[in-house]
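Biologist: I am new to this model. Please take me through one part of it closely.

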Amino acid sequence: VDPGAKARVLPGPAGATTFGPIAWSPDGRSLLVGGQGLLFLDWLSLADGSYRRVKSFETWQQPSNPAVSPDGLIAYAAAPRQGSEDRHIFVLDSAGQTEVAVVNSAGFSGGPVWSQDGAHLVFRSNRSGTWALWSVGMRGARPSDDAVQVMTGNVVPLAVTRSGHLFYRTSNLTEFNQVAFVAELGSDTAQ
């Protein structure tokens, strides 16, 4: 940030009453924003303040937790069909042209986090009947293999470091103090 630079106020997307930032584009020239309770995803160009709609959602989809990969793919959790209690993980290209259901098993899957190289997508799920963290290998927007369980427990992935360490937190609604942990992917012991 240039301390001498003049701040600019950019208008919100047309028709949006609420919106907020989600993640930077890999080149740092755009910001992914969502609004109206995440009923849309737009790229906001920092050069000219224009918005480009990536995807609009139906209210029943209840999309959540968008995450941008190092090559601009967008992962998010959403209901696969109207009336479904399930939540699947979808990956969308940065232009919004191609969408792939990467995790489409019964149960709740959410909180996707990309590895630094984009080769893995880590997410939380109760797909096996209990909460756990899972990882799926990725080749672009498509899974390269089946998801594998990497850690049991009601935890939420936050980030994966360049060295492959997973930064996560517990998801205990009765605790108000948030505690973060670090573990090697594939390890059941936190450091």
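Is Ser109 buried or exposed?

Modeller: Ser109 is buried, at a relative accessible area of 0% (buried is under 20%, exposed over 50%, partly exposed in between; 1.4 Å probe, protein chains only). This is a predicted model: local features need pLDDT of at least 70, side-chain atom pairs 80 or more, while totals for chains, interfaces and linings use all residues. Numbering starts at 1 along each chain, and side-chain values use heavy atoms, without hydrogens or water.

Ser109 belongs to strand 9, residues 109–114 (a DSSP run of E, at least two residues, numbered from the N terminus). Leaving aside residues up to four places away in sequence, Ser109 touches Ala77, Arg87, His88, Ile89, Val103, Phe123, Arg124 and Ser125 (heavy atoms within 4.5 Å). With Ser125, the side chains also make a polar contact at 2.9 Å (N or O atoms within 3.5 Å, one able to donate a hydrogen and the other to accept it; sequence neighbours count only if both are side-chain atoms).

Now the rings. There are four aromatic pairs (Phe, Tyr or six-membered Trp ring centres within 6.5 Å; planes under 30 degrees apart are stacked, over 60 edge-to-face, the rest tilted). One is Phe19 with Tyr51, edge-to-face, 6.3 Å between centres and 90° between planes. Phe19 lies in strand 1 and Tyr51 in strand 4, so the pair ties together parts 32 residues apart in sequence. Phe19 is partly exposed at 38%. Tyr51 is partly exposed at 23%. Phe108 and Trp131 have centres 5.8 Å apart and planes at 70°, so they are edge-to-face too. Phe108 sits in the loop between strands 8 and 9, Trp131 in the loop between strands 10 and 11, 23 residues apart. Phe108 is partly exposed at 29%, and Trp131 is partly exposed at 27%.

Methods: Helices (H or I, at least four residues) and strands (E, at least two) are DSSP runs, numbered from the N terminus.
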